[in-house]
Amino acid sequence: MAEPKVNNKMNMPRPSWMWIYGVVVIFILGYWMLDMGTGAPVKSDWNTVSEMIERGDVEKIQVINRDRAEVYLKSDAVARYRTDATDKRFRNMPETGVQLTFNIGSVDTFRQDLDKVMEESGHNVIYTYETRENSWTSILLQMLPWILIIGGWFFIMNRMSRGAGGGGAGGIMNVGKARAQVFDKENSKRVTFKDVAGLEEAKVEIMEIVDFLKKPDKYRAIGAKIPKGALLVGPPGTGNTLLAKAVAGEANVPFLSISGSDFVEMFVGVGASRVRDLFEQAKQKAPCILFIDEIDAIGRARGKNAGFSGNDERENTLNQLLTEMDGFQTNTGVIVLAATNRVDILDKALMRAGRFDRQIEVGLPDVKEREEIFNVHLRPLKLDPDLDRSFLAKQTPGFSGADIANVCNEAALIAARHNKQFVSREDFLAAIDRIIGGLERKNKIITDEEKRVIAYHEAGHATVSWILENASPLIKVTIIPRGKALGAAWYLPEERQITTREQMMDELAATLGGRVSEQLNFGEVSTGALNDLERVTKQAYAMVAYYGMSDKVGTLSYYDSTGQSDMSLTKPYSEQTAQQIDAEAKALIAKAYGMAEQVLKTHEAGLKELAELLLEREVVFTEDVERIFGKRKKDILREQKEAEAKAAAEAKASAEAAGQPAPEQASQNEAV
C-alpha cells in the first residue's frame, strides 16, 4: 500500500522581510567595498593633471563651487589610460563624463598655474566655473520639515487611536473625558455600613437613598420622589468619604467616584466637557450614584474675584455642573452625592433644593461613637486583655475618626519600639500625648533657672484649673519639652454643646494662671506665655464681638457664618464700636487675671509644693494634685448627688420589697 505523500511545504517557515533587507544591505556594502562600479571619477591631484595638460590629453576643466575641479579627458587619452599597466589607478576610469577630480586651494592660484602650464606646453584647455548644490543635501533639507510634520502627525494619531481603543485617558482626544472610577456590586473590596462606626444619624438619612435604589416601587406607589442630591458636610477626618464608600458597597448599583480637582485643567473648556461626559456616563448606567469628593474645588461661590480671568474656567465648569444637576433636561435615575469641608464657600445656586436637597452633617463623634470607632481600629492589634476601651474614648474628646485611627497606629508603633508583646494602656496614653503635644525632646538644653520658671508656670495652670469649678479637669502636668512647647498641661474638657459666661471666664483664668504664677513668684514675666496670651485674646474678643457677652457693646454679634464677607474691605461696625470692643476685651482679660491671682495667692503653699514636685519628677498626675489641694468642688457635688440617688434607689427597692408604697408615692397619697 502506497504511503500518503506528506506536504513538507506546510511546515516550512515563512520567509521574513528582515532577510530581504539584510541581503540588500550586504549587497550595497559589498559593492562599495569591492569598488565594482565604474562610474565614479578617479581622485587625483594638480601635479598629475598638469602632466596630462602638457601631453595634450585634457579637453576641459570645470571648477565646481570654487574648491573642486572636474577634469574631462580626450577619448583617445581615456582609452590609453584605462589600459596603462604602470598606473593602476586609471583602470576604472569612466569612459565618458568626468574622468578625474581634485581639490583646489584658491581659484586665483589655480588659474595662474593653469595659464602657466598652457603657455609652456602650447596646449589650450577649456576651463569654466560652476556653482552647484549637493542634490541629496538639498533634497533632505527640503524634505525634513515635511518628514517631521508627517511623523508627528502619525505619532499623534497613533496615541489617539490607542487612547480611544483602550478607553484610557492618555489620548489627546480624551482630554475632555471624565476620569471617574466605577464601583459595582462585584467589587471584592467593598465597604459597608458595618465598617462605619458612629455616624448613626447620617447613616439613617443616607440609607433612605440606598433603600430607594433597592426598592423604588415602594416610594413611587405613594407618590414620593427621591432626593436628587445629598451633600455630606463635616470637619476633616470625620468620615465623609468613608460614608460614600459604604453607600457604594450597599447600593448594589453602579457607583461613579471623582474628585472635584479632576475637573480643573489648564485647557479652556475641559472642565465643562468633563462634567458633560461624567453625567453622560451616569445616564448610561442609570440607576446609579455619582459621588464628587471635595466639591468646593469647583463649587466656590461665583463673582467674588470679578476681574481675574483665572476664575472664568472654574465658573464655566460650575455653570455646566449646575445645568447637568437640574437644568432643562432632568437626570432620571442619577443621584449625586458630594462631600466638602467648606460648605460656607459653596455657591448658593449649588445648594438650593433640586440640586442638593439634603445637607447631611457629619460631625465629630461623641464618647459613645468614639468607643465604636476604637473597636473598629483595634481589631488588627494585639491588645492587653485588661484594656478598657471606654477609658480610651473618654481620653480623646474632640478627636475625629482619622485621629483615632492615628492614635491606634501610634500606640502599636510605640509598643513595638519597646519590644512588647501587646499594646497596653500606657502605649495609648503616650500615643495621645504624642499626637496632641508632639514628640518629647528630653535632650533639649534648658538651664536650671529656666526649668524652675517653667515648673512654676505649669503649676500655676494646674492650680487655677483645679480650684475653679468650671475649668476643665486636669489629667497631668509635665515640664518635659514636647514639640515647640517647653511644658504642657493636659485637661479633659467636658463634652458640652453650649458654654456659659462663667465657664468661659474660668477657662480664661486657668489659661492666664501660668503668667500670674511667674509674676507672683519671680516678680517678672517671660515669653513663655505667648500661646496662652494668644488664646486668651481670641477668646475674649469672641465673647465680646461674637457671643454678645459684654454689657457695653450689647447683645450684638459681628460673626458671619455664611463666609460671604471674606473679601470685605471694611469692618461691619464703626470706629467707636471698635474701641468699645477693645476696651471690653481688655476688661475681661483683666478680670480673669484677677481671678487667677486671687486663687494663686490663696493657695500659695499648694502652688509651691506642686512646682517643687514637678522639678523633682518632671511629670505630675491627677492623683498628686488631688493629694495637695483635695477633691474638686465639682467632684464633691457630683459624688453627693450620686450618693443621694443611690440612697433613694435603695429606699425605693426596700419599700417595694416590703409591699409598701415608695416614699414619693406615700407623700403623693397624703397630698391627695
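This is a guided tour of a predicted model, to be followed selection by selection in the viewer.

**First stop: the annotated sites**

Select His457, His461 and Asp532, the residues that the UniProt annotation "binding site" covers in an unreviewed entry. Although they are spread over 76 residues of sequence, they cluster in space, with a largest C-alpha distance of 10.9 Å.

Centre the view on His461, which is found in helix H17, residues 448-467. Its relative accessible area is 6%, so His461 is buried, the cut-off being under 20%. Display its surroundings: leaving aside residues up to four places away in sequence, His461 touches Tyr491, Ala510, Thr511, Gly513, Gly514 and Asp532.

Draw the distance between the side chains of Asp532 and His457: a polar contact of 3.0 Å joins them.

Now select Glu458, which the UniProt annotation "active site" covers, again from an unreviewed entry. Glu458 has its place in helix H17, the helix in which His461 is found. Is Glu458 buried or exposed? At 7% relative accessibility, Glu458 counts as buried. Beyond residues up to four places away in sequence, Glu458 touches Val477, Thr478, Ile479, Gly487, Ala488, Ala489 and Leu614.

**Second stop: the open sheet of five strands**

The five strands form an open sheet in the order S1-S4-S3-S2-S5, with mixed pairing. Which strands stand at the edges? They are S1 (42-43) and S5 (126-130); each has a single partner strand, so one side of each is left without a neighbour in the sheet.

S1 and strand S4 (residues 100-103) run parallel and are joined by two bridges. To locate this pairing, select Lys43 and its bridge partner in S4, Thr101.

Helix H2, residues 46-55, lies across strand S2 (58-64), strand S3 (68-73) and S4, and runs at about 145 degrees to S2.

Turn to S2 itself. Five of its seven residues are buried, so S2 is largely enclosed by the rest of the structure. S2 is joined to S3 by six bridges, and these two strands run antiparallel. Val63 stands opposite Ala69 in S3. Follow the chain through the hairpin of S2 and S3, where three residues lie between the strands and Asn65 takes a positive phi near 55 degrees. S2 is also joined to S5, by five bridges, and this pair runs parallel. Select Lys60 and its bridge partner in S5, Ile126, to see where the two strands meet.

Select strand S10, residues 334-340. How many of its residues are buried? Seven of the seven are, so S10 is largely enclosed by the rest of the structure. Show the side chains: Val334, Val336, Ala338 and Thr340 point one way, whereas Ile335, Leu337 and Ala339 point the other way, and all are buried.

Strand S7, residues 229-233, pairs with S10 in the parallel sense over five bridges. The bridge partner of Gly229 in S10 is Val336. S9 also pairs with S10 in the parallel sense, over six bridges; here the bridge partner of Ile289 in S10 is Ile335.

**Last stop: helix H9**

Select helix H9, residues 270-284. At 1.5 Å a residue, its 15 residues should span 21 Å, and its end C-alpha atoms are 21 Å apart, which agrees. Colour the buried residues of H9: Val270, Gly271, Ala272, Arg274, Val275, Asp277, Leu278, Phe279 and Ala282. An α-helix has 3.6 residues a turn, so residues three or four places apart point the same way.

What covers the buried residues of H9? The cover includes strand S8 (255-259), strand S9 (288-293), helix H11 (312-325) and strand S10.

Methods:
Residues numbered from 1 in each chain as written. Predicted model: local features only at pLDDT ≥ 70, side-chain atom pairs only at ≥ 80, totals over all residues. Heavy atoms only, no water. UniProt positions renumbered as here; feature names shortened; annotations may be inferred. Helix = DSSP H or I, 4+ residues; strand = E, 2+ residues; numbered from the N terminus. Buried < 20%, exposed > 50% of the residue type's maximum accessible area, 1.4 Å probe, protein only. Contact = heavy atoms within 4.5 Å. Polar contact = N/O pair within 3.5 Å; in protein donor to acceptor, adjacent residues only side chain to side chain. Expected span 1.5 Å × (residues − 1). Pairing = 2+ DSSP bridges. Axes fitted to C-alpha atoms, helices over the stretch in contact; angles between N-to-C directions.
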